[in-house]
Amino acid sequence: ERARVAVLLPGVCAALADPRQPGLDDTCLEKLLDWFRSLTWFDPTVELVQDNPCLTELLSSVLALADPSPGILSFTLQLAGVLASSESRFQHLQQEKLLGRLFGPEGPRGSAAWEDASVRSAWLKGVHSMLHHLPALHCLCSTGGMDVIFTLQGDPSLFVASAASQLLVHMLTFSLESETSKALSTKDCDWPGCAQMIVEHIKESLQSSSAPHIEQSLKLLSSLFGSCFGSCYAAWTEVLWLDIAKQIESFLLEETVQAQPLLANLLLNVARSPAFCGTEGSFWALVTSALEHLTPAQAGPLAVGLLKLCKCPQDVRIQALTVLLQPMDCILRAASQPLECAGLLDESVSDPAAVESLLSSKTSCAGLLCQTLTHLEKLLSLKHLRVDLPCVSLLHSLMTILQFCNGFLSPTSPLGSTISRNLINCFRVQKSALDVLAALSEKKECDTLIGNLFDVLLAYLQSPNTSPTVLKKTFQATSKWLVHLQELSSSNSQWPQTEKILEDVLVVLQKRLCSPCWEVRDSSLEFLTSMVKCLRDQKEFRQCLLSSEVLRLTENLLEDPESYVRASAVTAVGHLAPIVCFASESPVTGNQYNRESIVAKLQEILSTDSEGFPRRAVISIFTKWLREGCTGQLEDTEHFVSRVIQTVEHDLDWEVRLGGLELVEVFCSQTICQLSQCPYAPVSSAVPSSTPQNELLQVFCRAKLFGFLFGSLCDCDKPVGQRACDVLVGLRGHFYPMSTLENPQEIEDSPAGRGIAWLQRTLRQGSLAQNFPVDGDVGVDFQDPESMMLALGAIDLLELHDELNKSSDHVEESPQSLLQDILAAVGSIEDNEVDCY
């Protein structure tokens, strides 16, 4: 292929440089660049450009064009940067006087083409690719390239500005790597040449009166400290910080400076650097000052970031938590009269009036609370939080917010009344508060409020004003707290509230299952499934469930007009069945929930439902039942599996067919374990003479597994074929454990052998006839144990496995195919030569 590519490349380069040719698709050019990147990565030698002079000719030709298209010019700049990424190729291109004409003052940056953002972006990308050796760095610094990059930091195109910032980070890091020759002394250090230019630029910009320049430098500093520079160059990080700390402090104190919103991210990135591991020093004092002076909305992200740090000093961590909890504290105080009543916090870090003002405003109240609640949810998800959260007070505050939102709490304080009006029916805050509420279910210390909590949750579940999305969140929180309630009830058998709460929840659930809104019915079924998963072993739950109408209503929803609801009903029924009609104890008298009718209904959905979601749910439930041993003795299971796969093999939904293969895989594994003397022991011989082996083959053949598996190998959806091949390879590993496979040449003499040989050829072609498995007078009996034993031993399943696991574009993404496509696009080759994909 390398030779073919070498033949095609000159034509492609000529076509790209021809101004008469129509513009090529950007995707083709990007793929071409990716190919060159991979080539240059593995081969840094100069031979690539010497052996392919068409590449330098392309660069020269594009430079000679009076008005090259932005697309071709952008491609050329990036290609030149990629080619110049090694020092030897860089020197070669310098001798050809190409790099100066592309990246120097006489290049595109001084022409009308520079007005196009894609050209400016390509120039930056080309420089970035090139800067992997010192000659390129020195060349750029000596030809005014640094000033261009500094200017592009403020480019109106965000993509260009971001690329300029990333390039400066790379340059400073690379400069320190390559140009530092002596050990660093933080008291008396000299930045290396390129790094010095960048640092001086940052300092000058920070001291300027230009707000955009200050903002650009703060963003650049954030990127620097957040990159490997901050991690790998602790000493230099400290030097840089000492140079700018006073200026950063002044920004914090000057409240009018627009740069304040960027300071939180900058300080957080600096805090992550190993240079500031110690608990002493001016840096942490500045962080404390930031927590005091930034607005609550700005300080929140800084506070939560600090709380995630391992090395943050404890006093700073406590202050960060205080900042984060201040809005929650304000809510608690506002809900009580007088306002002097105890809240969440003993003291505040910053002025409480700022938080009160934001919560009093209709425009900012919800935003501040949602931000705070999101941060608290993140903290609660951490395994090791190095500061104690006041969980009981936090839960109290959350319940207060939820009561404000649904109008169930009418505070008498002026501040409370204002906040309540701001939050009424605020779905955003309700959803965020319920997320935190669910996360708090893991905390044992909240038990004292559990009765009040369920009052709030039940009020939301019962209220007709609760939106479907908020109801879904309420169900999720209720499910988590029900699990906690059961744990509490198990440890304290005298706990009086459990049964009453369960009864109340199921009464509400019955009403919601009958809702005219399909989203509500769907969420209700999901909640029921979640409850069954978590509480199925609890006696109180089973009793309450069996004495309610939930079972009947759930079964009715198997015929719901909405397919999502039918799918959720299938899942709920599938989880209910093992504890209601598959269990050893008989169900409650009068309950129509019986095994035969449920299985029949689900099989009917699998074979007749017009939508894919319910059918996928059925096959998933059938597989679950099989895993859990709910399908009876082996004979019953064999019949059950056979009937299911005969239904799913003709299903138009590939995910249903894939689910059928998963069912087969579980069945094979369980049957092998049941019929083998030792579950995981391989058989002693490849010959199917032992009774367990014969019996296994007979079971699999009676269940019609092999026809399904071999037919699935040629499924038009690749995941189905891959899974079928995996199952067959596993079966062959059981029946032929010592790799003593059949010789295909020796078995072709028998009728069965000829059928297997036909099957092997057919599988290699990748398609099966509609009347599979018959091919003229030659057929394969997929229910004959001897034939299937021969098939497993003779067909090269590993070859099929490799073929099926190849990427679908393994041909189309080849360099030869790409070059052919480009030539076809410009009309240089005949249509039948192109690999259209």
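# Reading helices, salt bridges and surfaces in a predicted chain

Author: A salt bridge here is a side-chain nitrogen of Lys or Arg within 4 Å of a carboxyl oxygen of Asp or Glu. This is a predicted model, so local features need pLDDT of at least 70 and side-chain atom pairs count only at pLDDT 80 or more, while totals for chains, interfaces and linings use all residues. Residues are numbered from 1 along each chain as its sequence is written, and side-chain values use heavy atoms, with hydrogens and water left out.

Reader: Is Lys624 buried or exposed?

Author: Buried means under 20% relative accessible area, exposed over 50%, and partly exposed in between (1.4 Å probe, protein chains only). Lys624 has 15% relative accessibility and therefore counts as buried, whereas Glu628, at 40%, is partly exposed.

Reader: How many salt bridges does the structure hold?

Author: There are 23 salt bridges in the structure. One of them joins the side chains of Arg120 and Asp155, at 2.7 Å from N to O. This pair links distant parts of the chain, 35 residues apart: Arg120 is in helix 8 (residues 117-130), and Asp155 is in the loop between helix 10 (145-152) and helix 11 (158-179). Both partners are buried, Arg120 with 9% relative accessibility and Asp155 with 11%.

Reader: Which parts does the salt bridge of Arg616 and Glu655 tie together?

Author: In that pair, the side chains of Arg616 and Glu655 meet at 3.5 Å, N to O. Arg616 lies in helix 33 (residues 612-627) and Glu655 in helix 35 (residues 654-675), so the bridge ties together parts that are 39 residues apart in sequence. Arg616 is partly exposed at 27% relative accessibility, and Glu655 is partly exposed at 34%. Salt bridges can also be joined up: Glu200, Lys203 and Asp243 are linked in a network.

Reader: How many helices and strands does the chain have?

Author: Helices (H or I, at least four residues) and strands (E, at least two) are DSSP runs, numbered from the N terminus. By that rule the chain has 43 helices and 0 strands.

Reader: What is Phe708 in contact with, beyond its neighbours within four places in sequence?

Author: Contact means heavy atoms within 4.5 Å. Phe708 is found in helix 37 and is buried, at 3% relative accessibility. Leaving aside neighbours within four places in sequence, Phe708 touches Ile645, Val648, Glu649, Arg657, Gly660, Leu661 and Val664. Gly660 is 48 residues from Phe708 along the chain, yet their C-alpha atoms are separated by 9.2 Å.

Reader: Which residues other than glycine have a positive phi?

Author: Most residues other than glycine have a negative phi. Among the exceptions here is Asn425, with a positive phi of about 60°, in the loop between helix 23 (414-423) and helix 24 (427-439). Another is Lys704, with phi near 65°, in the loop between helix 36 (691-702) and helix 37 (705-712). Asn425 is partly exposed at 44% relative accessible area, and Lys704 is partly exposed at 33%.

Reader: How many disulfides does a search of the whole structure find?

Author: A disulfide is a pair of cysteine sulfur atoms within 2.5 Å, and the search finds 0 of them. As for individual cysteines, Cys310 is exposed at 58% relative accessible area, while Cys673 is partly exposed at 25%.
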